[in-house]
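Please examine the sequence and the model shown below.

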Amino acid sequence: MSTFWSPLVHDLVPYTPGEQPKGQRFVKLNTNENPYGPSPRALEAIRAAVNDNIRLYPDPTSSDLAQAIADTHGLTADHVFLGNSSDEVLAHAFNGLFRGKGAVLFPDITYSFYITYCTLYEIAFRQVPLRADFTIDPQDYGGPNGGIIITNPNAPTGIALGLSAIEDILRRNPNVVVLVDEAYVDFGTDSAVTLISYYENLLVTQTFSKSRSLAGLRVGFAMAQPHLIEALRRIKDSFNSYLLDRLAQAGALAAWQDRDWFNLTRAKVMADRDRLAEGLRDAGFTVLPSATNFLMVSHPAADAEDLLAGLRECGILVRHFQQPRIRDWLRISVGTAEECEQVLRELVNLVGT
């Protein structure tokens with residue numbers, strides 16, 4: 001009964017995740033999962049970790065994994081924070097770095113969880129309109145604010161900002177945290193992690209869910225100068241000291257170390273993405289430039305919801321959003337080469353090209 005709820009709960013509008021179907025078998029291109037699977041070394045490490053040590057608590061700092069990430073980026077382990085998915089890392093960042101500091105700024109079309117975090121932690125926010133072409137204008141991010149959140153590449157548009165634009169935003173906002181959410185960074189743009197040494201207000205978040213195919217393991221991380229990482233650790237240890245279990249730590253470490261598999265599979269995704277984009281454009285679709293593992297597409301003569309329903313009848317799931325500016329668009333995750341050919345073929349049939 002809602003009479004027992006805290007007042008805050010009445011105003012919460014939870015994030016709506018993409019459909020995870022049960023029963024009927026679909027070509028699943030709606031949640032940006034990697035079609036090529038995790039590193040075999042990661043799977044073996046997870047199997048090896050299933051032993052009597054499961055009775056023991058895991059390393060609360062995920063120190064081996066933190067050190068491996070730090071080494072790759074020329075940082076130290078105290079520059080790295082691990083969490084149970086990048087969503088949890090983001091939640092701790094909103095709670096620990098933005099709460100009580102004025103309105104935070106983020107694009108009007110971006111990861112919709114940001115609004116949920118702001119509501120949950122009672123943080124004021126202002127959505128900054130993207131340009132007409134769905135790109136971010138760094139000059140829009142300035143003036144009094146309590147923080148900046150930029151998804152790069154952006155989701156669901158797929159469009160990336162260059163590092164010079166990220167630096168422009170950092171320079172305009174030296175007294176607040178600028179959070180760069182890089183869930184899709186490995187599919188076509190440069191990470192802002194190279195800027196951490198120069199900007200004390202920069203926090204970069206990433207995930208193992210996309211480019212390392214471990215969405216089911218729930219591992220995310222943040223990188224920043226140690227004073228920002230310490231804030232996240234204080235929040236974590238006031239919430240749950242053991243965020244990553246033993247299997248997650250073992251699998252993520254092995255996946256991080258297997259650079260060959262990482263580079264092979266992300267190259268396949270990028271090649272499949274580009275072929276699918278070319279095919280859709282040839283069929284009359286508008287396709288936004290993507291540096292991610294998905295495409296944002298629209299057709300001038302077809303209703304997006306009709307295309308969504310038509311694809312579902314063909315056994316293919318994609319994603320549609322109800323925000324007014326993107327109601328005419330579909331987001332299509334990049335599947336295997338065969339799945340990309342299938343979705344292209346069905347979309348061409350649906351629009352009658």
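This is a predicted model: local features need pLDDT of at least 70, side-chain atom pairs count only at pLDDT 80 or more; totals for chains, interfaces and linings use all residues.

Residues are numbered from 1 along each chain as its sequence is written, and side-chain values use heavy atoms, without hydrogens and water.

Helices (H or I, at least four residues) are DSSP runs numbered from the N terminus. The axes of helix 3 (residues 63-72) and helix 8 (residues 246-257), lines fitted to C-alpha atoms over the stretch in contact with angles from 0 to 180 degrees between N-to-C directions, come within 9 Å and cross at roughly 20 degrees. The two helices are therefore roughly parallel (angles under 35 degrees). Contact (heavy atoms within 4.5 Å) involves Asp-64, Leu-65, Ala-68, Ile-69 and Thr-72 of helix 3, together with Ala-252, Leu-253 and Trp-256 of helix 8.

Aromatic rings pair if their centres lie within 6.5 Å; planes under 30 degrees apart count as stacked and over 60 as edge-to-face. The structure holds 14 such pairs, including the two tabulated here.

| Pair | Centres | Planes | Class |
|---|---|---|---|
| Tyr-111 and Phe-113 | 5.8 Å | 75 degrees | edge-to-face |
| Phe-113 and Tyr-117 | 4.5 Å | 5 degrees | stacked |

Phe-113 and Tyr-117 both lie in helix 5 (residues 113-120), 4 residues apart. Both are buried, meaning under 20% relative accessible area (1.4 Å probe, protein chains only).

Definitions and conventions. Angles under 35 degrees count as roughly parallel, over 145 as roughly antiparallel, 65 to 115 as roughly perpendicular and the rest as oblique. Rings of Phe, Tyr and Trp (its six-membered ring) pair if their centres lie within 6.5 Å; planes under 30 degrees apart count as stacked, over 60 as edge-to-face and the rest as tilted. Buried means under 20% relative accessible area, exposed over 50%, partly exposed in between (1.4 Å probe, protein chains only).
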